[in-house]
Amino acid sequence: MEKVTIQGIKANDHRILSRVITRIENDDHVQDQGFIELYDQAQAAIRLGVTGPPGAGKSTITNEFIKRFLNKKQTIGVIAIDPTSPFSGGALLGDRVRMNHYNNDKSVFIRSMGTHGELGGLARKAQEAGDILAASGKDVIIFETVGVGQGEYDVAKAADLTILVLVPESGDEVQLMKAGLIEIADLFVINKSDREGADRLADTLSSMINAMGNDSKPDAPVFTTVASDGRGMDKLFDGVFDQLGKLDRCGLLEQKKKERYRNRVKKLVKEQLLSEFWTEDRIRKLEDATISLDTITESPYSIANDILKSFKS
Ligand SMILES: Nc1nc2c(ncn2[C@@H]2O[C@H](COP(=O)(O)OP(=O)(O)O)[C@@H](O)[C@H]2O)c(=O)[nH]1
Ligand SMILES: [Mg+2]
């Protein structure tokens with residue numbers, strides 16, 4: 001990263017933030033000295049994950065959070081990730097329009113990230129983008145991610161606290177994903193509770209959480225909201241800090257951060273090793289072994305072992 005870029009990030013220059021995140025998005029490797037220099041600055045921010053199915057109200061809730069953080073004179077960075085719309089079509093555009101009425105304001109930065117490449121890489125990219133925003137001095141980073149699959153769990157790991165947003169109709173999903181669901185979420189929101197069934201789902205969830213809970217982790221609270229008209233939002237907002245406090249006091253926050261740190265080191269090592277591994281020689285070896293389908297007689301394992309030999313020795 002160039003010196004002027006690093007200075008721009010530190011000075012909260014939104015144009016430069018945007019440019020750097022584009023580079024991260026395009027896998028134009030920026031994890032160099034720049035990241036090392038910015039690391040210290042990036043540690044203070046609170047990181048919140050807002051995840052859940054499409055249309056559950058994540059962006060609306062994020063928007064309500066932004067208002068409340070601004071009231072507290074805090075600055076916010078939002079990274080919105082929607083793997084279901086790889087061409088960043090309607091939904092994301094809608095998000096941008098809806099959330100970006102803060103656009104001229106240096107205290108809010110909102111960015112949608114697309115998914116070139118697989119979701120696994122996206123978790124790292126989101127985290128790096130979050131680090132850049134944190135280094136610009138943002139007090140709070142919000143990761144908005146669609147869905148509740150494995151990839152999103154990874155993205156959720158970028159956050160200190162993960163909020164899972166559901167709707168009253170999510171009952172079946174809840175039944176299906178019990179364990180995993182309870183594991184990733186630190187707090188549940190049943191949004192659109194202007195619709196039938198919100199209280200029933202809240203009860204079901206609460207008793208599931210209670211039954212599956214253990215002493216080492218504070219139970220995730222369940223909130224009901226109507227984000228579109230702000231109902232329940234103050235309570236939810238307070239609940240987030242309440243839960244953060246609990247996670248902190250029982251040591252889970254520190255554990256999460258350590259885990260996050262270790263995973264990042266592992267990922268960096270893995271990526272570095274991979275990029276160093278595929279030398280021209282090894283690529284040729286693979287190509288030679290696979291010149292035509294007729295001549296492929298060995299299993300992929302033997303060829304892999306063969307190529308790996310040159311690495312191990
Ligand atoms: N009826 C109702 N609609 C809501 C509520 N919260 C959000 N919406 C609407 O639901 C739609 C999807 O919301 P959005 O925040 O974009 O969902 P996301 O895909 O999870 O980010 C929008 O039209 C919102 O205005 C709510 O509590 N009740
Ligand atoms: Mg959204």
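My entries below go from the whole chain to single residues.

**Ground rules**

I am looking at a predicted model, where local features need pLDDT of at least 70 and side-chain atom pairs count only at pLDDT 80 or more, while totals for chains, interfaces and linings use all residues. Residues are numbered from 1 along each chain as its sequence is written, chains are lettered from A and ligands numbered from 1 in the order in which they are written, and side-chain values use heavy atoms, with hydrogens and water left out.

**The whole chain**

I looked up the secondary structure and found 14 helices and 7 strands. Both are DSSP runs numbered from the N terminus, helices being H or I with at least four residues and strands being E with at least two.

Next came burial: 46% of the 313 residues count as buried. Buried means under 20% relative accessible area, exposed means over 50%, and partly exposed is in between, with a 1.4 Å probe and protein chains only.

The chain exposes about 16,300 Å², and carbon and sulfur atoms supply 52% of that area. These areas come from the Shrake-Rupley method with a 1.4 Å probe, and for residues only the protein chains shown count as cover.

I also checked contacts, meaning heavy atoms within 4.5 Å. Among contacts with a separation of 6 or more, 78% are between residues 24 or more positions apart.

**A buried leucine**

I picked Leu161, which is found in strand S5 (residues 161–166). Leu161 has a relative accessible area of 0%, so I noted it as buried. What is Leu161 in contact with, leaving aside its neighbours within four places in sequence? My list includes Arg47, Leu48, Gly49, Val240, Leu244 and Lys256. I also looked at Val50: its C-alpha atom is 8.7 Å from that of Leu161, though the two are 111 residues apart along the chain.

**Aromatic rings**

I found 6 aromatic pairs. Rings of Phe, Tyr and Trp (its six-membered ring) pair if their centres lie within 6.5 Å; planes under 30 degrees apart count as stacked, over 60 as edge-to-face and the rest as tilted.

One of the pairs is Phe69 with Phe237, edge-to-face at 4.9 Å centre to centre and 75° between the planes. This pair links distant parts of the chain, since Phe69 lies in helix H4 (residues 58–71) and Phe237 in helix H11 (residues 233–249), 168 residues apart. Phe69 is buried, at 1% relative accessible area, and Phe237 is buried at 6%.

Phe237 also pairs edge-to-face with Phe241, at 5.3 Å centre to centre and 75° between the planes. Both lie in helix H11, 4 residues apart, or about one turn of the helix. Phe241 is partly exposed, at 26% relative accessibility. I noted that Phe65, Phe69, Phe237 and Phe241 form one aromatic cluster.

What sits over the ring of Phe241? I found the charged end of Lys72 there, 4.3 Å from the ring centre. For this, NZ of Lys or CZ of Arg must be within 6 Å of the ring centre and within 35 degrees of the ring normal. Arg282 likewise has its charged end over the ring of Phe277, 4.5 Å from the centre.

**Salt bridges**

Side chains of opposite charge can pair when their charged atoms come close. I counted a salt bridge when a side-chain nitrogen of Lys or Arg is within 4 Å of a carboxyl oxygen of Asp or Glu, and the count came to 13.

Asp131 bridges to Arg47, with the closest N and O atoms 2.9 Å apart. Asp131 lies in helix H6 (residues 119–135) and Arg47 in strand S1 (residues 46–52), so this pair ties together parts that are 84 residues apart in sequence. Asp131 is buried at 9%, and Arg47 is buried at 4%.

Glu64 and Arg68 also meet in a salt bridge, 2.9 Å from N to O. They are 4 residues apart in helix H4, which means a separation of about one helical turn. Both Glu64 and Arg68 are buried. I traced a network of salt bridges that links Glu64, Lys67, Arg68 and Asp234.

Arg231 and Asp229 make a salt bridge too, at 3.1 Å from N to O. Asp229 is partly exposed, with 47% relative accessibility.
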